[in-house]
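Subject: Structure handover

Hello,

Here is the structure for you to look at. My notes follow below it.

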Amino acid sequence: MKAWQAYRLRLQRKRWRLRALRKRRELSVVADRTDKIRPADILVLTTLRNENARLPHFFDYYRRLGVGHFLVVDNGSTDGGAEYLAAQEDVSLWRTEASYKRARFGVDWLNWLARRHGHGHWCLTVDPDELLVYPFCDTRPLKALTDWLDASSIRSFGAMLLDLYPKGPIGAQAYERGDDPLDIACWFDPGNYSLSRNATYGNLWIQGGPRARSFFADDPERAPALNKIPLVKWDRRFAYVSSTHMLLPRGLNLVFDEWGGEKTCGMLLHTKFLDGFSDKAREELRRRQHYAASAEYKAYAAALEAEPELWCRWSERYINWRQLEVLGLMSRGNWT
Amino acid sequence: MSFGVVILVHNALDRAAQVIRHWASAGCPVVVHVDRAVRRARFERFREDLEDLSDRVLFCARHRCEWGGWGIVAATQSGAELLLERFPGLGHVYLASGSCVPLRPVAELDAYLAARPRTDFIESARVTQVPWTVGGLSEERFTLRFPFSWKRRRWLFDRYVALQRRLGVRRSLPAGFEPYMGSQWWCLSAATLRAILSDPQRPEIDRYFRRVWIPDESYFQSLARRWSTHIESRSLTMCKFDFQGKPHLFYDDHLPLLRRSGCFVARKIWPRAQAIYDEMATGGHPADEAAPSPARIDRVFAEATERRVRGRSGLYMQSRLPNPGWENGFTAAPYGVLEGFAELQDGFTEWFARASGATVHGHIFAPERVEFADGATVWRGAMSDSAALRDHQGPRFLTNLIWNGRGARQVFQFGPRDSQRVSWDIAKDPNARIGVISGAWAVPLFRSGRPAARLCDLAARLQQVEADHLAALRSPQAKARIRVWTLAEFLEAPAEALALMLSDIAPGRAGPPPAPPAMVPLDGLGRFLQEMRNLGMHPYLTGDIPIEPPAPRRPAPRPYLVRPHA
């Protein structure tokens, strides 16, 4: 990489960090329990809005993996989720009514929280509808993975987003608060993903899956990106650039091998397509707070009028991480 | 107990205490070395915890143990000296670390060692004859100086190595000394160990080893060669290294594997692997055989290295995107590409599927949509038939198709009307079996019934595209198995061409193929092509189709095979 390019990326990283510093003023603290964070704790960072129904399972899932503390930004929830969050002993909660879009879809807020509280910790940045799966997650806690990453001098861990959907129309089966969303949305697309490399940041750009297949078949360029790097041994100098798709410094984006081998990676099970999705899509379209002028939600709204079914004959039913590895969606690499 | 243990501890002290307690309560004398980097208060607490075993658990002088440095050898020397001095009757001394966990009953190890009183279990190999070293320093470990820490001062370490190489500086080895290397964890007989520690040359050798890199993997290994009467060159501690030379960790889910391996001691154990420590606490798992058989466990770790270094051929995913040339196979499995066959015979794909047993797709690169087998709109892997999605994916569409179709041979039709994005990819792919009837694109034009004058431009374009594709197939980079017939050659002997393609794509298929479908009527094709020529567009790729059919049958010309260049 040329020196001037490296320098420009450095300036850009500083810009995102400054912006995070500025955007911290939008956050008002509701429950600050960050003094309870112990030095070796794994932290989860998340921004959410009106996700009350998903919260109990979300916390169950990540507590079982061994997450020590949750840093949550509540972007104006009105469904009672905030009260639930504030009552959790391992949650520090901030609230903001400011624009999600102008905080670059929450990235600025979370960059700030990670910088303030995440330095030296493994930080997992996920949405409430994303469940992390990694090799051996059924027998080893997340700490086993992060210890191994530490021992291998690896600072970031990639986990592609895997869209899960139910069989039948999206809203057909009711999701009750506390249920495992994987009981309903348990199907996925096993092999229709495309990859390319982003020359500037060095990260992969992955597209495909049911959203590309059903909503963007005529305009694949605009299909949502599925590459994510959610787990990072945070340093206060780091910054997410766009969602958790890529970071700076760009060495953190090299979560794939270029010489034929497979690096260890995980997956984020994305359980967005549940009952209540259509309402949410309509609301989000109205709020216009999403990426690319909410193009994704426009596409959904149009398609959703026709009661779509994402399930197809070749959809695969989710079983466990080993299945994902056999299908070639993730890999143990040399962690064994 | 006939053996004692020297234990080196630097972190996870609670787990180390558990292991020490286990050795001691089985009757082994233990000398513990605690890294000087451990704080005094913590060390004292640790020592007090083990106070009740003070008749058998001793603490030796502390050294600073840094990875790759002399401290680990100094610590081992201090520990061994103390152990031999205080327990002179020992038969063997076992060197272990705080994260080495005995997994078989200590009595079994004792019996094993007692039956081999003169044997020294120490892995010890000539430096020049093993490929173990990672990072390029093998012999140079002994001939260069390493005053800087590799972990903390990597830049200086690297610069200083480079400088010494440039200046051609070499240290001379102590007289009569040959370096050997091997695992740090050994079990030596007390006699050999005493001889090593009281080597008359020891001051000189110690001075020399202080500047050797990673001396703990060579000090005892070299000196044992000098003093031992019977070296068994393997370690009794099972330890697996990954491709970067870093030890693999064992977790709870490895327990069945560890039991089957029958190893006495395993390392490294993840400190939170509760089930493994429980296994130790309950006395260990008695093995069926006396000797350990680590080969059983090797396969698992060899697979891990293979996966990390070479990966799965034909797979492109979030953690594997090889640079061009590093794919280790562009596609996952052999596949067939048929160009022009379906244009000449109605019902060809169905026939070929029956005759070969393969999955036969139509033109999957057609401009309108992906023609999956049996007219499916979605195919394996949930691949969409949208042409826009396919073109957006580029070469990944083809690699996905082959990856998803593993288990059944994939065949597809291809031609100059199709998107040519993969033209070079298939030509260069040794998995591709390509059969081309050049000029077959003329047949659909002829059958469309439109006058030649209106089709000239289209024909010229198709011919140009096919010529470019054939240039790829005939280039020196082409690695596919490729057969090319002109339309005229194919029409002379269609059955032979089909048989050849069948044997290429589905080798070893028993029995004669079913009768091929009838050729589409081609009366007047020669006249049609001549009209084109008359209009100035020469369809040269079709070969020489006679103007007035039917010509008397001549002996069929042999198809030619484009040989892949090595």
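Start with two helices of chain B. H7(B) and helix H9 (residues 219–227) of chain B pack at an angle of about 105°, with axes 9 Å apart. Axes here are lines fitted to C-alpha atoms, for helices over the stretch in contact, and angles run from 0 to 180 degrees between N-to-C directions. That angle makes H7(B) roughly perpendicular to H9(B). (Under 35 degrees counts as roughly parallel, over 145 as roughly antiparallel, 65 to 115 as roughly perpendicular, the rest as oblique.) Helices (H or I, at least four residues) and strands (E, at least two) are DSSP runs, numbered from the N terminus.

A word on the source. This is a predicted model: local features need pLDDT of at least 70, side-chain atom pairs count only at pLDDT 80 or more, and totals for chains, interfaces and linings use all residues. Residues are numbered from 1 along each chain as its sequence is written, while chains are lettered from A and ligands numbered from 1 in the order in which they are written.

Back to the helix pair. B:Thr192, B:Ala195 and B:Ile196 of H7(B) meet B:Phe220, B:Leu223, B:Ala224 and B:Trp227 of H9(B). Contact means C-beta atoms, placed from the backbone, within 7 Å. By class, this contact has 6 nonpolar, 1 polar and no charged residues. (Ala, Val, Leu, Ile, Met, Phe, Trp, Tyr, Cys and Pro count as nonpolar; Asp, Glu, Lys and Arg as charged; the others, Gly among them, as polar.)

H7(B) also packs on helix H3 (residues 71–86) of chain B, at about 120° and with axes 11 Å apart. That makes H3(B) oblique to H7(B). From H3(B) come B:Gln77, B:Ala80, B:Glu81 and B:Leu84; from H7(B) come B:Ala190, B:Leu193, B:Arg194 and B:Leu197. The classes here are 5 nonpolar, 1 polar and 2 charged.

Next, a sheet. Three strands of chain B form an open sheet in the order S5-S12-S11, with mixed pairing. (Two strands pair if DSSP finds at least two bridges between them.) The edge strands are S5 (101–102) and S11 (237–238) of chain B. S5(B) pairs with S12 (residues 265–266) of chain B in the antiparallel sense, over 2 bridges.

Last, the two chains. Their contact takes 48 residues from chain B and 48 residues from chain A. On the side of chain B that touches chain A, H12(B) gives the most, with 7 residues. That side divides into 21 nonpolar, 14 polar and 13 charged residues.

Best wishes

Notes
Two residues are in contact if their C-beta atoms, placed from the backbone, lie within 7 Å.
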